[in-house]
Amino acid sequence: MHHRHSPSLASLLALALLLGAHPGPVRAAEDLPLAQARDFVGTVCDLADRRLAMMPGVAAAKWASGQSITDAAREATVIRAAGDGAVAMGLGRGPVEALFELQVRLAREAQQALHERWHHDGYHDGPVPSLSGELRPRLDQLSRELMQALYLAAPSLAGQDLASLAAERLPAGRWSDAARAQFVAALAQVRLEGPRTPARARAAGVLRIGTPADYAPFASARDGRVEGADVDLAVQLAAALGLRPVFVASRWSMLVDDLEADRFDLAVGGISITAARRTRAAFSLPLTRSGKTAIGRCRDRERLDSWDAIDRDGVRIIENAGGTNEAFAQRRLRHAQLVVHPDNRTIFAELSAARADVMFTDDTEVTLVTHQRAELCRLLPEVYEPAEKAILLPR
């Protein structure tokens, strides 16, 4: 049924921002990892392995109580709950239920192997955990964590080498080659199928936030963690929505593609509102406004003190790949040499080391960097093509 007045995720975010829905405290940067697609898939493997690692305890509890290994009602409940959770999160029911059916079977086979060994060699006495009071609550928690991990991993499964990841994360002591191959085959079928909605995000319990994380003071990564003004805002938005913020690594050249591919719900990090991006995405209300200006070595201020002095043969302009800085340079420069640098996090080191002469970037970043690096200075007083920055949202 089509709900005509159902709010979109974008409108819910806007409402949370406007109402300031009593956000919780901003989490420290050390609590905010920047995840790659491979990390999400690795988490799925780790949780599946943790589940299988609990089977000796489950087998011991059933051995001590004389309970049958097979519990058809419990198994059916676990699989059905996974399917219901999948639908709520926009995942396909069939592949998720098949993945849980596989885990249930592997768990049963592991218990059976242990009971057969104990029948033959005798059971070695030791502490027996409680099945109902300890083990099953932990298994249920693992199932919930695994569902969330599948939701985060699903958009990127097709682009990952699942076999190599499984070989790294599913140890041979618990996983046979056949079991590992079956797990990879089942995992490869999991997909996000439902539309991106607030209800889906609430069911998953997470707000996925994309960012290149290479543009201070808006968003930058340090030791695998993200920080910055846009990061703080995104964390507060997640808190206002009652969701856990999860930061997803992207690149400037792939930012809109990743948004359209449903790899995250919104993106932050000093993102300029441009006509090209507006054709494929939406934006929040503007957060700040800045324009392009030039930064270079302080010793070159007199030599490179005008546009004409910069845009001439022999001057090397360096820009990060895929963003508005590169587009500005491509559009405006006529004579200077343009060098496209793949990593925005190290681009100012290239200027300091004299491997490039000038970078055009937002005056906000120039102000920050010239405070951090005494050898770099703003070269021009002018600001070109002022633009507003905002949160990038799906259309």
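What is the handedness of the link of cysteine 298 and cysteine 377 about the S-S bond? With 85 degrees about that bond, the link is right-handed.

The model before you is predicted: local features need pLDDT of at least 70, side-chain atom pairs count only at pLDDT 80 or more, and totals for chains, interfaces and linings use all residues. Residues are numbered from 1 along each chain as its sequence is written, and side-chain values use heavy atoms, with hydrogens and water left out.

Let me begin with the chain as a whole. Its C-alpha trace spans about 85 × 50 × 35 Å along the principal axes. The chain holds 16 helices and 14 strands; these are DSSP runs numbered from the N terminus, helices being H or I with at least four residues and strands E with at least two. Of the 395 residues, 48% count as buried, a word that here means under 20% relative accessible area, against over 50% for exposed and partly exposed in between (1.4 Å probe, protein chains only). The chain exposes about 18600 Å², of which carbon and sulfur atoms supply 51%; such areas come from the Shrake-Rupley method with a 1.4 Å probe, and for residues only the protein chains shown count as cover. Among contacts (heavy atoms within 4.5 Å) with a separation of 6 or more, 78% join residues 24 or more positions apart.

I now turn to the interior. In soluble globular proteins, nonpolar side chains tend to be buried together. A nonpolar core is a set of buried Ala, Val, Leu, Ile, Met, Phe, Trp, Tyr and Cys residues joined through side-chain atoms within 4.5 Å. The largest one has 68 residues, and those touching the most other members are Leu91, Phe100, Met147, Leu150, Phe183, Leu187 and Leu392. Helix 6, residues 131-153, gives the most to this core, with eleven residues. Leaving aside residues up to four places away in sequence, phenylalanine 183 touches Val44, Cys45, Ala48, Leu99, Leu102, Leu170 and Trp175. Of these, cysteine 45 counts as buried because its relative accessibility is 2%.

Arginine 200 lies in helix 9, residues 198-204. Why does arginine 200 count as buried? Because its relative accessible area is 2%. Its contacts, again beyond four places in sequence, include Tyr151, Arg208, Asp262 and Asp265.

Next, the strands. Strands of a sheet pair through backbone hydrogen bonds, either parallel or antiparallel. Two strands count as paired if DSSP finds at least two bridges between them. Three strands form an open antiparallel sheet in the order 3-4-5. Strand 3 (214-215) and strand 5 (225-227) are its edges, each pairing on one side only. Three bridges join strand 4, residues 219-222, to strand 5, with alanine 221 opposite valine 226. Elsewhere, strand 9 and strand 12 pair in the antiparallel sense over five bridges, and glycine 296 stands opposite valine 358. Strand 12 (residues 358-362) has five of its five residues buried, so it is largely enclosed by the rest of the structure.

Finally, the disulfide, defined as a pair of cysteine sulfur atoms within 2.5 Å. The count comes to one: cysteine 298 and cysteine 377, with sulfur atoms 2.0 Å apart. The pair links distant parts of the chain, 79 residues apart: cysteine 298 sits in the loop between strand 9 (288-297) and helix 13 (307-310), and cysteine 377 in strand 13 (residues 376-378). Both cysteines are buried.
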